[in-house]
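Let's take a walk through this fold together, with the structure open beside the text. We will start at a helix and its surroundings, then turn to aromatic rings and a few single residues.

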Amino acid sequence: MHRFPPLRFNLYPSQYISTMATKIFVSGFYDIIHAGHIQFFREARSLGDFLIVSFASEQVLWKSKHRKPSIPEGHKKVILESLCMVDKVVCGEHLKPGMDFEHVFLKERPDILAVTEDDCYGDLKRELCARIGARYVVLPKTPPCSEQISTTQLVNRIKAPLSVP
């Protein structure tokens, strides 16, 4: 009797995933993981069977946002990998604006690229999807279960206390 690896298990590399599985790819800075990111990952994962999350490298973050990351890449990778809806985590290092994940995307060849409705690089990402026959899916920014907040707002909140002792 042959034993086959499960279709979805976070410790298995993507080559163990069934060829029938639908792979979803998302990308972002994910500098400080917050409830909005978690909700986006859940919604993206619901589109298929295997979710690949690409986060921008420190160099990409510096070039795009002109600031250092709040947490080191290694820590960010561990945090993202610990999320139950995330199957694989990769780091985007390409310096083309909005397309830091391009090389990894072409290597992984996902079925779907999921983005939020406020993505500024839709045309470039649609072209990338067309190159490999992937679907480009825009997800609405639905309010998370808690107060909606952005990474920038979190950083500003950490920098500026509400009261002076």
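**A helix and what lies around it**

Just after helix H5, Gly133 takes a positive phi of about 80 degrees. Before going further, please keep in mind that this is a predicted model, in which local features need pLDDT of at least 70, side-chain atom pairs count only at pLDDT 80 or more, and totals for chains, interfaces and linings use all residues. Residues are numbered from 1 along each chain as its sequence is written, and side-chain values use heavy atoms, with hydrogens and water left out. Helices (H or I, at least four residues) and strands (E, at least two) are DSSP runs, numbered from the N terminus.

Which residues of H5 are buried? In this helix, which covers residues 122-132, they are Gly122, Lys125, Leu128, Cys129 and Ile132. Seen down the axis of H5, these buried residues fall within an arc of 125 degrees, so they line one face of the helix; the arc is that of the directions from the helix axis to the C-beta atoms. Buried here means under 20% relative accessible area, exposed means over 50%, and partly exposed is in between (1.4 Å probe, protein chains only).

The structure holds five aromatic pairs, where rings of Phe, Tyr and Trp (its six-membered ring) pair if their centres lie within 6.5 Å; planes under 30 degrees apart count as stacked, over 60 as edge-to-face and the rest as tilted. One of the pairs is formed by Phe25 and Phe105, edge-to-face at 5.2 Å centre to centre, with 85 degrees between the planes. Tyr30 lies in the loop between E1 and helix H1 (35-45) and Phe41 in helix H1, so the pair ties together parts that are eleven residues apart in sequence. Phe25, Phe101 and Phe105 form one aromatic cluster.

Now for some single residues. Tyr30 is buried at a relative accessible area of 5%, and has a positive phi of about 45 degrees although it is not a glycine. His34 lies in the loop between E1 and H1 and, at 13% relative accessibility, counts as buried. Leaving aside neighbours within four places in sequence, His34 is in contact (heavy atoms within 4.5 Å) with Ile149, Ser150, Thr151 and Leu154.

Is His66 buried or exposed? His66 is exposed, with a relative accessible area of 63%, and sits in the loop between helix H2 (58-65) and helix H3 (73-81). Its phi is near 60 degrees, a positive value in a residue other than glycine.

Finally, Cys91 has its place in strand E3 (residues 88-92) and is partly exposed, at 21% relative accessible area.
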